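Colleague: Please show me the model, and then I will ask about a few places in the chain.

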Amino acid sequence: MQTSCQSCTFFDEHHGNQNQVDEAGLCRYNPPIQQPEADVRGLWPVVKEDDWCGHHTEARQPH
């Protein structure tokens with residue numbers, strides 16, 4: 001199995017944050033990114049399905 005965001009437990013295919021990127025989703029590993037203004041909602045990082053990070057391990061892949 002390829003280690004990538006798509007196979008990570010924390011990858012969410014939800015197309016929020018006005019996500020216009022094909023084959024992308026939201027990374028739910030960390031909390032949303034805070035915005036500079038208090039009245040603006042935080043945003044989840046948008047990642048592509050074939051991206052990866054150091055948090056992804058086989059133990060965190062969905063079963």
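Modeller: Strands here are DSSP runs of at least two residues, numbered from the N terminus. Keep in mind that this is a predicted model.

Colleague: Where is the place of Ser 7 relative to strand E1?
Modeller: Strand E1 covers residues 11-12. Ser 7 belongs to the segment before strand E1.

Colleague: Is Ser 7 buried or exposed?
Modeller: The relative accessible area of Ser 7 is 11%. Buried means under 20%. Ser 7 is therefore buried.

Colleague: Which side chain has a polar atom 2.8 Å from the backbone nitrogen of Lys 48?
Modeller: The residue in question is found in the segment after strand E3 (46-48). It touches Ser 4 and Cys 5, leaving aside residues up to four places away in sequence. The side chain that lies 2.8 Å from the Lys 48 nitrogen is that of Asp 51.

Colleague: Is Asp 51 buried, partly exposed or exposed?
Modeller: Its relative accessible area is 30%. Buried means under 20% and exposed means over 50%. Asp 51 falls in between, so the term is partly exposed.

Colleague: How are the planes of the rings of Phe 10 and Tyr 29 arranged?
Modeller: The structure holds one aromatic pair. The ring centres of Phe 10 and Tyr 29 are 5.1 Å apart and the planes stand at 90°. Planes over 60 degrees apart count as edge-to-face, so the arrangement of Phe 10 and Tyr 29 is edge-to-face.

Colleague: How many residues apart are Phe 10 and Tyr 29?
Modeller: Phe 10 lies in the segment before E1, and Tyr 29 in the loop between E2 and E3. The pair links distant parts of the chain, and the separation is 19 residues.

Colleague: Which residue lies over the face of Trp 44?
Modeller: The distance from the ring centre is 4.3 Å. The residue over Trp 44 is Arg 28.

Notes
Residues are numbered from 1 along each chain as its sequence is written. This is a predicted model: local features need pLDDT of at least 70, side-chain atom pairs count only at pLDDT 80 or more; totals for chains, interfaces and linings use all residues. Side-chain values use heavy atoms; hydrogens and water are left out. Helices (H or I, at least four residues) and strands (E, at least two) are DSSP runs, numbered from the N terminus. Buried means under 20% relative accessible area, exposed over 50%, partly exposed in between (1.4 Å probe, protein chains only). Contact means heavy atoms within 4.5 Å. A polar contact is a pair of N or O atoms within 3.5 Å; within protein, one must be able to donate a hydrogen and the other to accept it, and residues adjacent in sequence count only if both atoms are side-chain atoms. Rings of Phe, Tyr and Trp (its six-membered ring) pair if their centres lie within 6.5 Å; planes under 30 degrees apart count as stacked, over 60 as edge-to-face and the rest as tilted. A charge sits over a ring if NZ of Lys or CZ of Arg is within 6 Å of the ring centre and within 35 degrees of the ring normal.
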